[in-house]
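Here are my notes on the model you passed along. Have it open while you read.

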Amino acid sequence: MVHTNLYYTRIMYCVALLAFYMRMLYVLSVLESLGPQLKMISKMVLQDLIPFLSIVLVFMAGFGVTFQALLYPPFSSNGTDASHQSASSMDVMENMLRFTFYTMLGEYSNENIMGKNHCGKENCPAPHKIGKVVVPDFFLIVYIIITNVLLLNLLIALFSKTVDEIHNKSRALWQFERYDLVAEFKARSPFPPPLN
């Protein structure tokens, strides 16, 4: 078994390795064939993907609360309080976001909705009998149409627009990026990183 501190160290090493590879991409931007594509990727992430993810998070939160409230209400079917069966609020948030995220990617978790294999623990709350019908037959369909059809096509259109904009001026952008990189390395000290 790996010691916890050793594992956190491994995580930091992996993050440092990822930063090294990202820096390698920056150095590769001098190449005429890769420079414009790297510029497209960075512009798509900063201008298109991050604002788009905020819209997706709003839909995920809204439908996640709806799914959770209809499938696992805080009261039992006979009207009494079922708070003894309820999970912590962090577990509920995690389940909501995980369910909506994987549903957006095509994993619809029908066995969880129908009450089979819900949480992998003893004393799992069973889905409400009306929620087992309303959620998969109506709300899940609406969520899939919004996220998979509408929002995914919106993201593709945004990416296509960005690619067209950069492709039209790709040579000028590549020359600017190459000049910027050469000027940066010219201004740097020739000594290795601890000494510069």
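**Notes on the model**

1. Confidence first: the protein chain has a mean pLDDT of 81, with 84% of its residues at 70 or more (pLDDT is the predictor's confidence in each residue, from 0 to 100). This is a predicted model, where local features need pLDDT of at least 70, side-chain atom pairs count only at pLDDT 80 or more, and totals for chains, interfaces and linings use all residues. Numbering starts from 1 along each chain as its sequence is written, and side-chain values use heavy atoms, leaving out hydrogens and water.

2. Helix H2 (residues 35–71) packs with helix H5 (residues 131–168) at about 170 degrees, axes 10 Å apart. The two are therefore roughly antiparallel (over 145 degrees). Helices here are DSSP runs (H or I, at least four residues).

3. The unreviewed UniProt entry annotates "transmembrane region" at residues 6–28, 49–71 and 138–159; such annotations may be inferred rather than shown by experiment. In the model, residues 6–28 are 100% helix, with end C-alpha atoms 33 Å apart.

4. There are five salt bridges (a side-chain nitrogen of Lys or Arg within 4 Å of a carboxyl oxygen of Asp or Glu). One of them pairs Arg 23 with Glu 184, closest N and O atoms 3.1 Å apart. Arg 23 sits in helix H1 and Glu 184 in helix H6 (residues 170–187), so this pair ties together parts 161 residues apart in sequence.

5. Glu 165 and Lys 161 also form a salt bridge, at 3.3 Å, N to O. Both lie in helix H5, four residues apart, about one turn of the helix.

Key:
Axes fitted to C-alpha atoms, helices over the stretch in contact; angles between N-to-C directions. Parallel < 35°, antiparallel > 145°, perpendicular 65-115°, else oblique.
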